[in-house]
Amino acid sequence: MISIDLDAIYIDAIWLAMAFLSGLLMKRLGLPALLGFLATGFILGMSGLTDGNLKQILGPLSDLGIILLLFTIGLKIKIKQLIQPEIWITASSHIIITTLTIGGVLFGVSFLGVRYLADMTLESAMTIGFALSFSSTVFIVKSLEERGEISSRHGRFAIGILVVQDIFAVVFLTVSKSVLPTIWVLALPIYLYVVKMLLDRLLNKSGHGELLTVFGFFAPLIAGALAFDLVDLKYDLGALIIGMLLVNHPRNEELSERMLNYKDFFLIGFFINIGLSGVPTWSNIIIALCLLVFVVFKGLLFIRIFSFFELRARTNFLTSLHLSNYSEFGLIVGAVAVSNGMIDNDWLTTLAIFMSLSFLLSSPIISRSYELFEKYKDTLTKWNRTSKDIDKQAQISGEAKYVIIGLGSIGLPAYYHLKASFPDDVIGVDYNADKVKTLKAEGCNVVWGDSTDRDFWDESNWDKVDVVVLAMSDYASNFNSMKQINKMKERQFKIAAICHYDDEKEIFEKLNVDYIYDYKTSVGEDFAQHAMEKSRKVIL
């Protein structure tokens, strides 16, 4: 292969152009852009560009992306969510069963004379099985964000499972490196207590400008990743925990939104880096394709284990579907195993291809998850062993005339406005259980519910409802809710929905939304009208 030595500025131009064009192509095909970034990595890996320069540029981007991703996840996770048995028991038992099953199959196949597996030991097989027991944090969180499901019940379960898996990863890395955390790890609880108070004060004083952005890098990188790395703990776990320390801060959402675009950009480096792990051979590709059968195994195993707990069949299915892929951590396990002489270096390329193929397989399936559940609802319900529904859908009783769905920065003020005029005729719906609990304590008429679930619309009484307001801040949730509304046999109520861009408005018009609030345009008009009304009152 020809080696091409280019200056950093030219390499930047090449990978950025390729990443954008390949991501755009995937979008046109109805697939996530990240699959285009993966393809960019494989193409660059075979292009002859100097690996040193390319990896020197993309390596730090990848690390920053992972740190910011886990930090923003932490900003949405509370400790009590992780101690639920359906999370830690499911995650632990799934890792053990998957490791033993995949490891056992690989070790068994090695006796059949397959050249690629001929020299595999039991230890090597179990190591690979362990590497393939993890689900991809990056892929899952990106999928949940794009679909507006981070705060949903199944979104929280999926993230909880990922956090428990991350704890297993810390234990593995500690044991495999034969390096125990330093004695200073005992001071970690005190450090976290002190740093929480410090970060709370710093965040309060950071304002709303560039200083808030700098804080968004300082907190996860310095207070989290660096501090944990100094005591020989996994650095990205530090970023996650620092985020969790700030979960109850009043500026939590503002900080998360500020770091969103930075995280998305830096993660491009992560996906491209996967493709740079090695030039694939036909043997790598064939083995990776054969291993894809375990994607189905992982998903079915999650469904089976979750079925022992009190989850609805839909929550079980959606959570398991998101977790049915393979993690970037597999490459880390592979690298450690290679350095210890447990597996051949060629396995790193195979694992990278396998992980990419699992993303490629999962993406279109996740995009059709609602339709798939409705199609196979009866079968999936039979598989679910429990009958009690801990997240039973809300049922609108028929007394309300105005239903506000989504109680965020837009929906909650709308709810209070209608409540002031029609105190007995308005009800709010949100799928953030903590928010619903808080609002109920304040005397608000609100219920937990998932408007993207067909049952929510079919099982409620809509006879007296005049208007349903889709006020969720993300377009995907409003869009998916409207698709469910259009499946109703008949509806008498009007629909109002929020959009931010012209193309979203066109789609809502095609979906028969009665009133579309163009946020970027209408907010200025509403402000001007409100200002004029207040001015007249002052003059009078």
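**Exercise 1.** Which residues have the most contacts inside the largest nonpolar core?

*Solution.* First, the ground rules: this is a predicted model, where local features need pLDDT of at least 70, side-chain atom pairs count only at pLDDT 80 or more, and totals for chains, interfaces and linings use all residues. Residues are numbered from 1 along each chain as its sequence is written, and side-chain values use heavy atoms, with hydrogens and water left out.

Next, the term: a nonpolar core is a set of buried (under 20% relative accessible area, 1.4 Å probe, protein chains only) Ala, Val, Leu, Ile, Met, Phe, Trp, Tyr and Cys residues joined through side-chain atoms within 4.5 Å. The largest one has 114 residues, and Trp15, Ile242, Leu255, Phe271, Ile272 and Trp347 have the most contacts inside it.

**Exercise 2.** Find what leucine 255 is in contact with, leaving aside neighbours within four places in sequence.

*Solution.* Look for heavy atoms within 4.5 Å.

**Exercise 3.** Work out how α23 and α24 pack.

*Solution.* Start with axes, lines fitted to C-alpha atoms over the stretch in contact, and take the angle (0 to 180 degrees) between N-to-C directions. For α23 (residues 475-485) and α24 (residues 502-510) that's about 10°, with the axes 11 Å apart. So α23 is roughly parallel to α24 (angles under 35 degrees). Finally, the contact: Tyr475, Asn478 and Phe479 of α23 meet Glu504, Ile507 and Phe508 of α24.

Technical notes:
Buried means under 20% relative accessible area, exposed over 50%, partly exposed in between (1.4 Å probe, protein chains only). Helices (H or I, at least four residues) and strands (E, at least two) are DSSP runs, numbered from the N terminus. Angles under 35 degrees count as roughly parallel, over 145 as roughly antiparallel, 65 to 115 as roughly perpendicular and the rest as oblique.
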